[in-house]
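Subject: Structure handover

Hello,

Here is the structure I said I would pass on. My notes on what turned up in it follow below.

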Amino acid sequence: MTDLFDARKARAAAWFRELRDQIVASFEGLEDRFGEGEPGRFEVTPTTRADGGGGLMSVMRGGRVFEKVGVNVSEVHGTLGERAQKAMAARGVPGMDKDPRFWASGISLVAHMVNPHAPAVHMNTRMFWTPHAWWFGGGSDLNPAIEYAEDTAHFHGQMQAACDLHDAGYYPKFKAWADEYFFVPHRGRARGVGGIFYDDLNSGGPDADSWDADFAFTQDVGRHFLPAFVPVTERRVGSAWTEADREAQLVHRGLYAEYNLVYDRGTKFGLETGHDANAVLMSLPPIAKWT
């Protein structure tokens, strides 16, 4: 079983890296096709984790389309600390008290746009392994400062298409989960217009090996990200905007920052397990405003 999961870990990590390469190329292509001035390019920095593993942090700042966008991949391993062990055990992960070793790999993306009419976006997919359990998680959600119904419908349509390739029940389930997960309780509102979110996905349970099926679903979530987001960006990137539009964008970014710092599972896990803080906090916007 160890050899089997070593091979599976390698496949998952390689896929997340491949998806990262596709997205980076697509986003730099948007920079080449739209806007004025020098097109933005990603700066790539290796990241490390003291207890084991690391990744790549790819960040573009001050582009023609993207004011700031990060596309990170990581593959980390080690031993979970006491707080992380308790959090995992509370979620039903078995064996944490006996063997707290872990391995995790994934891709995490957040884009903050120049044009206030172009929505910010988040996407993440990941695999997590412990000696007694494994699962996939992830999703993607759209975060417009100025909402357009047709953009929301297009984005959700692509997320549903990814889900429907695998299980007709996935989209309503994971959409509802996103609506709950991306809600900001202290503001009494959602941080955006939603998408899909899933975690602890081991659909076969203890009686069947569903790794291939769950990995295939996670891959399709990743494959549908660019078709979901790029057409919306192309539609809005040339829209005229006002100072009032920019104000709305900056205030909305404040809401986004609050959510990521207070509630986001990935932020909490990354900081608690000693991953590179700059990579963990890559999701924060370059400029935000509170009124």
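L142 has G194, in β9, as its bridge partner. The strands concerned, β6 and β9, run antiparallel and are joined by six bridges. Please keep in mind that this is a predicted model.

Strand β9 covers residues 194–201, and seven of its eight residues are buried, so the strand is largely enclosed by the rest of the structure.

On the aromatic side, searching the whole structure gives 24 aromatic pairs. In one of them, F5 and W134, the ring centres are 6.2 Å apart and the planes stand at 45 degrees; the pair is therefore tilted. F5 belongs to helix α1 (residues 2–33) and W134 to strand β6 (residues 133–143), so this pair ties together parts that are 129 residues apart in sequence. Are the two residues buried or exposed? F5 has a relative accessibility of 8% and so counts as buried. W134, at 10% relative accessibility, also counts as buried, because the cut-off for buried is under 20%.

There is also a cluster held together by ring pairs: its members are Y170, F174, W177, Y181, F182, F197, Y198, F217, Y259 and Y263.

Two arginines lie over ring faces:

- R223 is over the face of W15, 5.0 Å from the ring centre.
- R236 is over the face of Y148, 3.7 Å from the ring centre.

Regards

Definitions and conventions
Residues numbered from 1 in each chain as written. Predicted model: local features only at pLDDT ≥ 70, side-chain atom pairs only at ≥ 80, totals over all residues. Heavy atoms only, no water. Phe/Tyr/Trp six-rings, centres within 6.5 Å; stacked < 30°, edge-to-face > 60°. Helix = DSSP H or I, 4+ residues; strand = E, 2+ residues; numbered from the N terminus. Buried < 20%, exposed > 50% of the residue type's maximum accessible area, 1.4 Å probe, protein only. Lys NZ or Arg CZ within 6 Å of the ring centre and 35° of its normal. Pairing = 2+ DSSP bridges.
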